[in-house]
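Please open the model in your viewer and keep the selection panel at hand. The stops below can be followed in order.

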Amino acid sequence: MGLSIYLMQKNQAISLLRRRLAYLENTIRELDEQAKLIIKSDMELKLYQQEIDDKLNKLTLIRNLIVSSIHTLDREKIFFQINEKVINDLGFKKGVILDYNNWDIKINVGFEPDEVMEIKNILQYKKDLIKETQLIRPDNENYKQLLSLLGTNEVLITPIKVRQNIYAIFLVSNLILHAEVEKPEEETLLIIGMYLSQCLDNISLFEDLYHTKDSLEKRIKERTNELVRSLRTIEVISKMKSDFISSVSHELRTPLTSVKGFSSLLVEEKFGKLPENAKERLIKIDENVDKLMEIVNALLDISRIESGRVDIKIVPAEIIRLIKDTTDFLSPQMTAKNLTLTLELPEKLNVYMDKNLIERALTNIISNAIKFTPQGGKIKIGCKKEVDKALIFISDSGYGIEKEAMDKIFQEFYRVNNPIIKGIKGSGLGLSLVKRIIETHKQKIWLESEPGKGTTFYFTLKVVQDA
Ligand code: ADP
């Protein structure tokens, strides 16, 4: 009984031990599985790490290339960047860059001279097949000869282009690490090929720009010289014209003065009484002689100012007094036409001017305002100080001037083609003289006008600044 109890207990202990053993075995197996998993993940991680490192190296390679060639403007120097280090970083032992047109060697890393000769011959022959980056493997019938020559299974080729045309071929072979070319190598070579193309494109663009700028500069120089020559010719012709007008006017003045003397005496009947019809004609002759003298004098003045023969003295002088005196002198003509005059003048203003010439200018403009304003109209004359300028204006409520005529009225002999104006006396020389006077003072003259409403002439003079 005691034995059987003992055996029972033993059996129970053994089966407990067995269960524990099975449990332990299970745990060990699980641990083993996990250990295998960990080892596998670790290996995978290492592979990923390697891939990342590889990609990073290729990125660094591209970055270094960009940094070293970004400011290069020499085509050959662009290729010098592709040295042994670049080819190795790319993952290959050997590399060559060949000119696509004359097949000159631009760069050679690691190939024997006779190998390069063979590469040249083969590529030259297959020239038209090269279009984009391509990986050449033994299954490519076209390049079997090339692979066996280089004793490799894989070769990478990329074209380098300038403005879409192939300029050079970049070939790399003999991988350093792996057995097969992988995506990163292929992509990196593609990027390098594109980058070199971009660099060459930039150089061409820069050269174009430089040549354009150069030829533009040349053309501007030529044009400027031509203009200077034309200007000189114009100056000579203009001087000849002034001299001619001046001498003709001068020659005309003496006989005209004599004609005027006699015509006045005859009109005044100093040589005896005249028949009525003869007197009428003589009055016409006398008036026309006046008109002729006016033209001759104006022409003489214009040519004198133009040729600088008149003695011009631009000195500080008081303009307000001059405006008032000129207005006073012309007031009988205003009264005769019943014109209302308004003056807008400060008390005093000193300007730089030749008093005689400015008086002539004022007389001409105010006379025009009187001539071209109908009976009962208004005239306003004023002067304002604007910073360092005196702005003088003469405004009338007269016939006004059409827009097209406004640009022309400063030309010699120009008179507005309109029946009312045609009926008013004038030579068409007054404003031409005025313009020259103001320009001699290095100042500006302009006008505003509205047909039927009136005209305002403006001109400036330089103000004498108080000390
Ligand atoms: P002239 O008065 O002797 O004809 P100007 O050279 O002084 O010559 O003037 C040229 C032309 O400009 C005049 O014939 C006239 O048609 C126009 N003109 C000048 N001043 C005025 C004015 N204040 N109002 C209207 N027309 C004018």
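This is a predicted model: local features need pLDDT of at least 70, side-chain atom pairs count only at pLDDT 80 or more; totals for chains, interfaces and linings use all residues.

Residues are numbered from 1 along each chain as its sequence is written, and side-chain values use heavy atoms, with hydrogens and water left out.

Select L3, Y6 and L7, which form a nonpolar surface patch with about 330 Å² of accessible area together. L3 is found in helix α1 (residues 2–69), and at 60% relative accessibility L3 counts as exposed (exposed means over 50% relative accessible area, buried under 20%, partly exposed in between, with a 1.4 Å probe and protein chains only).

The structure holds 25 salt bridges, each being a side-chain nitrogen of Lys or Arg within 4 Å of a carboxyl oxygen of Asp or Glu. Select R75 and E207, whose closest N and O atoms are 3.0 Å apart in a salt bridge. Because R75 lies in helix α2 (residues 75–80) and E207 in helix α6 (residues 183–267), the pair ties together parts that are 132 residues apart in sequence. R75 is partly exposed at 21% relative accessible area, and E207 is partly exposed at 29%.

Go next to R436 and E412, a salt bridge with its closest N and O atoms 2.7 Å apart. R436 sits in helix α12 (residues 430–440) and E412 in the loop between α10 (403–406) and α11 (419–422), 24 residues apart. R436 is buried at 17% relative accessible area, whereas E412 is partly exposed at 27%.

Definitions and conventions. Patches are made of residues with over 30% relative accessible area and no salt bridge: like charges are joined within 9 Å, nonpolar side chains (Val, Leu, Ile, Met, Phe, Trp, Tyr) within 5 Å. Accessible areas come from the Shrake-Rupley method with a 1.4 Å probe; for residues, only the protein chains shown count as cover. Helices (H or I, at least four residues) and strands (E, at least two) are DSSP runs, numbered from the N terminus.
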